[in-house]
Amino acid sequence: KNLQYTDTLMSELFRELENGRLVRLLMKLGTINERQDHDNDPSWSENGERYTLKLFRDYVFHRVDEHGRPTFDVGHMLTCLNKLDAGSAERIRLTSRNNDTDFIITYAELKKQVNGAFAELMKHNRRP
Amino acid sequence: MDADWDELSRQLLPPPGGQSVPSVVTALAFDTTQELLWAGNGYGRVTSFYGNNLQKYTSFRAHPPSEGAVQQLLFNDKGVIALGGRGVHMAIRRGLPVWPHITADDMRDLRCMSFTSKATSEILVAGVQDTMFVIDTIKGEIVKRIPTTDHYIKMKKSRYICAATSDGRVHILDPVKFTVIHKWRAHSAFINDMDVQQDFVVTCGTSLKQPSSNYMLDPFVMVFDLKNMSTMPPIPFPPLAAYVRMHPRMLTTGIVASQGGQIHVVDLLNPNTSNVRQANVVGSIITGIEIAPSGEAIALADTDCNMHIWASPSKCHFVEVAQPTEWPDEEAPRPHVEWDDNTPLNSVGVPYYRETLMSALPNMLISDVGAPPPKISQNDLAHMTKASFGFYGPNHRQQRRNQAEDTRSVDKTSSAQRAPKFLSEKARDSAKSSLTEAVIEAQVDKAAHALGTVELESLKTDLPG
């Protein structure tokens, strides 16, 4: 009976650890995407090295079905986020909204870009 | 060209963002290591196509439209270098930039580029301007600026860098020092196309620039021998030679095309025997021709924005030993999970990993949790209009939007409530201030000294040997 209780506690603990990890991941993505100071930054423009981060956001959260209706697929979002977290070598195709730009990119490359962008923000994050 | 060569496929270059009018190919090139054909358009976009049926592979914006058309493409094992009028861009074949876009104020009208003596790790960039640039393609930076009086519109490298000027000459440049070794007057007005392979330079061009009428192309191809540094007899081409390419493996064979699509395969040393083909370009004009590094396929671009692949259906391939092209991975089917309020989020696992997870936050982050929220003063509300969802109006405050405020200190100073002090505390306070802090500090210093270095040493982290 005692062991079962421990197991329950462990599984609850893992659930909460997972939540924390995902929230940290989302906070990181949230802080870097679509900042106003990016508006004139060439690296966030369409030929810049951070453009893929915008496209990735669309890939994960702005999915639509064949009629253009938004889909809400928790499994898809979690799978993508977890692969990004681990920096998997899997390749995905990222397409811009006007279908003009087509990148083929690995999660590892995306992770590197996110970390780069986040480090840049931290550099300016001065605390008294 | 074998007897069974034919047009294998034709592909329209996709139109620029949202428009329905396709764009003309401004730069066309076969990849040197993969089965890819690359095309650039007038809006700075580069698109790649796979295999002999030209399946669309990747597409990316190499230059903002303000930098003009893609002028030329070069390849190395890392990726593709795209030259625009005012900048240089390098991306891997999957589309990701290799280094930040290079642009400079003195890049005004770039037209051509070439690798230098340092194989593919350095390029020379020139154009209709008085500066040439040497760019390190590994670091992605301009290493040298070279002033020039000649304006170059085309560049190709074999043993020397051969550069066509805007007035019909070809300059043979030293690939190390970039000095002009030899000047060759190929056409008296303008060079329309140039190719260099091993020892031969071949050009198509115009001889008389008539301001009133269109350019009249010369009915011959000019040939220059790099080994002997001498002009060779021109190759006659009655339909007016517009484009020319040397065959990469048959070293004396050239492929000449007219604007109307007539293609001749000729031997430079024996120009009388030729093999004639007609490309099907009804109503349009050819704007470019490229030959694959294997010599087994040629690509044509026309003014209707089409790209044509000509090859033998049985053995069409672009490169001798093609490296595999990286396609997106098949998405693995996910286990079906019923999502309800109680489904744990860890039902979807994290793939195997070795590095730090991206979700790890740096531990230098200190957050102040629990500070009171910023107050909305009556003054703020005065400027606003009330609506069913709340108040709205322009931001009249002194702060930026979403500015972080230190609400704690504001609170402290305003409500200066302090616990009253006992008499003994008051006495101690006054004593402390009179005792002067210097004395205390001196005592602390003394104590620290007395502790000695031995004990402090133990506080340091243990390092082996």
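Q: Which residues in H2(A) meet residues in H4(A)?
A: The model is predicted. In it, Thr52(A), Leu53(A), Phe56(A) and Tyr59(A) of H2(A) meet Tyr107(A), Leu110(A), Gln113(A), Val114(A) and Ala117(A) of H4(A). The residues of this contact divide into seven nonpolar, two polar and no charged.

Q: What angle and what distance describe the packing of H2(A) and H4(A)?
A: The two helices pack at an angle of about 115°, and their axes are 10 Å apart. The crossing of H2(A) past H4(A) is left-handed. Ring pairs also link Phe56(A), Tyr59(A) and Tyr107(A) into a cluster.

Q: How many aromatic pairs are there over all chains, and why is the pair of Tyr51(A) and Phe103(A) called edge-to-face?
A: There are nine aromatic pairs over all chains. The ring centres of Tyr51(A) and Phe103(A) are 6.4 Å apart, and the cut-off for a pair is within 6.5 Å. Their planes stand at 65°, and edge-to-face requires over 60 degrees, so the pair is edge-to-face.

Q: What parts of chain A does the pair of Tyr51(A) and Phe103(A) tie together?
A: Tyr51(A) lies in helix H2 (residues 51-61) and Phe103(A) in strand E2 (residues 102-106), so the pair ties together parts that are 52 residues apart in sequence.

Q: Is Phe103(A) buried or exposed?
A: Phe103(A) has a relative accessible area of 2%. Buried means under 20%, so Phe103(A) is buried. Tyr51(A), at 11%, is buried as well.

Q: What makes Tyr57(B) and Trp327(B) an edge-to-face pair?
A: Their rings are 4.9 Å apart, centre to centre, with 75° between the planes. The angle passes the limit of over 60 degrees for edge-to-face. Tyr57(B) lies in strand E5 (residues 55-61) of chain B and Trp327(B) in the loop between E28 and H1 of chain B, so the pair ties together parts that are 270 residues apart in sequence.

Q: Why does Trp327(B) count as partly exposed?
A: Its relative accessibility is 24%. Tyr57(B), by contrast, has 0% and is buried.

Q: How do you know that Glu326(B) forms a salt bridge with Arg91(A)?
A: The closest N and O atoms of Glu326(B) and Arg91(A) are 3.3 Å apart, and the cut-off is within 4 Å. This pair crosses between chains, from the loop between strand E28 (306-311) and helix H1 (378-382) of chain B to strand E1 (residues 91-95) of chain A. Over all chains the structure holds 27 salt bridges.

Q: With which residue of chain B does Glu326(B) form a salt bridge?
A: The partner is Arg94(B), with the closest N and O atoms 2.9 Å apart. Glu326(B) lies in the loop between E28 and H1 and Arg94(B) in the loop between strand E8 (87-91) and strand E9 (102-103), so the pair ties together parts that are 232 residues apart in sequence. Arg94(B) is buried at 7%, while Glu326(B) is partly exposed at 33%.

Q: Which residues do salt bridges that share partners join into one network?
A: The network joins Arg91(A), Glu109(A), Arg94(B) and Glu326(B).

Conventions:
Residues numbered from 1 in each chain as written. Chains lettered and ligands numbered in written order. Predicted model: local features only at pLDDT ≥ 70, side-chain atom pairs only at ≥ 80, totals over all residues. Heavy atoms only, no water. Salt bridge = Lys/Arg side-chain N within 4 Å of Asp/Glu carboxyl O. Helix = DSSP H or I, 4+ residues; strand = E, 2+ residues; numbered from the N terminus. Buried < 20%, exposed > 50% of the residue type's maximum accessible area, 1.4 Å probe, protein only. Phe/Tyr/Trp six-rings, centres within 6.5 Å; stacked < 30°, edge-to-face > 60°. Axes fitted to C-alpha atoms, helices over the stretch in contact; angles between N-to-C directions. Left-handed = near helix turned anticlockwise from the far one by under 90°. Contact = heavy atoms within 4.5 Å. Nonpolar A, V, L, I, M, F, W, Y, C, P; charged D, E, K, R; others polar.
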